[in-house]
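Please keep the display in view while reading.

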Amino acid sequence: MKGSENMSDLYKLLPRDKHDFERVDVLKYMDKDDLIKLIPKLIEWLQDINCQ
């Protein structure tokens, strides 16, 4: 992915639950500029992982 991805497209890459290893693997290799855009949502997602 390049740094020009649409935010709604990026949000689709967020893990759906704590066992969503496929999306986590995608996050590991994505463009750093896009990953930085996701940090606020990732922090929100991690706040209570047991609820996911």
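**A helix and its neighbours**

The buried residues of α3 pack against α1 (7–11) and α2 (21–29). Here, contact means heavy atoms within 4.5 Å, and helices are DSSP runs (H or I, at least four residues), as strands are (E, at least two), numbered from the N terminus. The model is a predicted one, in which local features need pLDDT of at least 70 and side-chain atom pairs count only at pLDDT 80 or more, whereas totals for chains, interfaces and linings use all residues. Residues are numbered from 1 along each chain as its sequence is written, and side-chain values use heavy atoms, with hydrogens and water left out.

The chain contains three helices and zero strands. Of its 52 residues, 21% are buried; buried means under 20% relative accessible area, exposed over 50%, and partly exposed in between (1.4 Å probe, protein chains only). Among contacts with a separation of 6 or more, 61% join residues 24 or more positions apart.

Helix α3 covers residues 32–46. Its buried residues include Leu 38, Leu 42 and Trp 45. At Ile 39 the helix bends by about 45°, and Pro 40 follows within four residues; the bend is the angle between axes fitted to the seven residues ending at a residue and the seven starting there.

The structure holds five salt bridges, each being a side-chain nitrogen of Lys or Arg within 4 Å of a carboxyl oxygen of Asp or Glu. One of them links Asp 34 with Lys 37, whose closest N and O atoms are 3.7 Å apart. Both residues lie in α3, three residues apart, about one turn of the helix. An α-helix has 3.6 residues a turn, so residues three or four places apart point the same way. Asp 34 is buried, with a relative accessible area of 0%, while Lys 37 is partly exposed at 30%.

In helix α2, Lys 28 and Asp 25 are three residues apart, about one helical turn. Their side chains meet in a salt bridge (3.3 Å, N to O). Lys 28 is exposed, at 55% relative accessible area, whereas Asp 25 is partly exposed, at 36%.
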